[in-house]
Amino acid sequence: MLSDAQWADLEPLVEVCRPKAKTPPQDLHRTLSAILWRHQNGAKWRAIPEELGPWWRAAQIFIRWSRAGVWERLLHLVQERGVQLGMVFLDGTNVRAHQKAAGAAKKGGSAAERDAREAVGRSRGGYGTKACVIADGQGRAIAFRLAPGQAHELPHAVPLLDQLPGVPKWVVGDRGYTSHVFREHIWNMGARPAIPPQRHEAPVACPDWIYNNRNQVERLWARLKEWRAIATRYEKTAVSFMGVLSLAAALDWLKR
């Protein structure tokens, strides 16, 4: 349940982001509390406690607002408090997909194209999703990208950098982002890379005093995965799962 203090911070932001309809949503405080309860606990929509209102209302608003990009706009709005670009961190994590995450509506294309569109694919641990994030110097999420679980993180690095509000001083990533082409891209944009080489590659500059701060993004994933609907993907569509990530990241911004 959102406390009155939390709702006081969140309400004006939601009012800016939400779709404007002739009839505004009823009891939005309680409905958002139901949405948070469902995703933090990884429960079924029907399991939402009665005191948080009708379960179907919470499900409808979450899904409709996910399709409309409301949760991503909310994440961008909280970033107006100030993104720290001294260092930015790139990292990806595998999220195991629950069996209920299968079965999204078929919208054409092959099975492989559908998996790529819905960001579900087979990796070493079974079906899952690769979630990639770029975080600022204080370990707060700026943007996400989703891919099938077997996908590599590197192709998503440049699109994530393109979503920054400015040019960082350092771009920090683990060995998964090792690439001479990617390092060159970072230099060309006016930043400096701190990405260690693979063990079989020639040494490159990667200052320890910068790289050791990468724990910021690891702690970010630890906080986000306290939500059971992020630690395990229950959403059938990539749009809805992106909504969960964006909502959790926005609340993380408000706490820090």
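A crossing of two helices is left-handed if the near helix is turned anticlockwise from the far one by less than a right angle, and right-handed if clockwise. Helices here are DSSP runs (H or I, at least four residues), numbered from the N terminus.

## About the model

This is a predicted model, where local features need pLDDT of at least 70, side-chain atom pairs count only at pLDDT 80 or more, and totals for chains, interfaces and linings use all residues. Residues are numbered from 1 along each chain as its sequence is written, and side-chain values use heavy atoms, leaving out hydrogens and water.

## Where α9 meets α11

Let's start with helix α9 (residues 215-224), which passes α11 (residues 238-255) in a right-handed crossing. Their axes, lines fitted to C-alpha atoms over the stretch in contact, lie 10 Å apart at an angle of about 110 degrees. The two helices are therefore roughly perpendicular (65 to 115 degrees).

On the α9 side, L220, W221, R223 and L224 make the contact (heavy atoms within 4.5 Å), and they meet L245, A248, A249 and D252 of α11. By class, this contact has 6 nonpolar, no polar and 2 charged residues.

## A look at α2

Among the buried ones are L28, H29, L32, I35 and L36. The buried residues of α2 pack against α1 (4-17), α3 (55-67), α4 (70-78), α10 (228-231) and α11.

Just beyond α2, G42 takes a positive phi of about 65 degrees.

Definitions and conventions:
Axes fitted to C-alpha atoms, helices over the stretch in contact; angles between N-to-C directions. Parallel < 35°, antiparallel > 145°, perpendicular 65-115°, else oblique. Nonpolar A, V, L, I, M, F, W, Y, C, P; charged D, E, K, R; others polar. Buried < 20%, exposed > 50% of the residue type's maximum accessible area, 1.4 Å probe, protein only.
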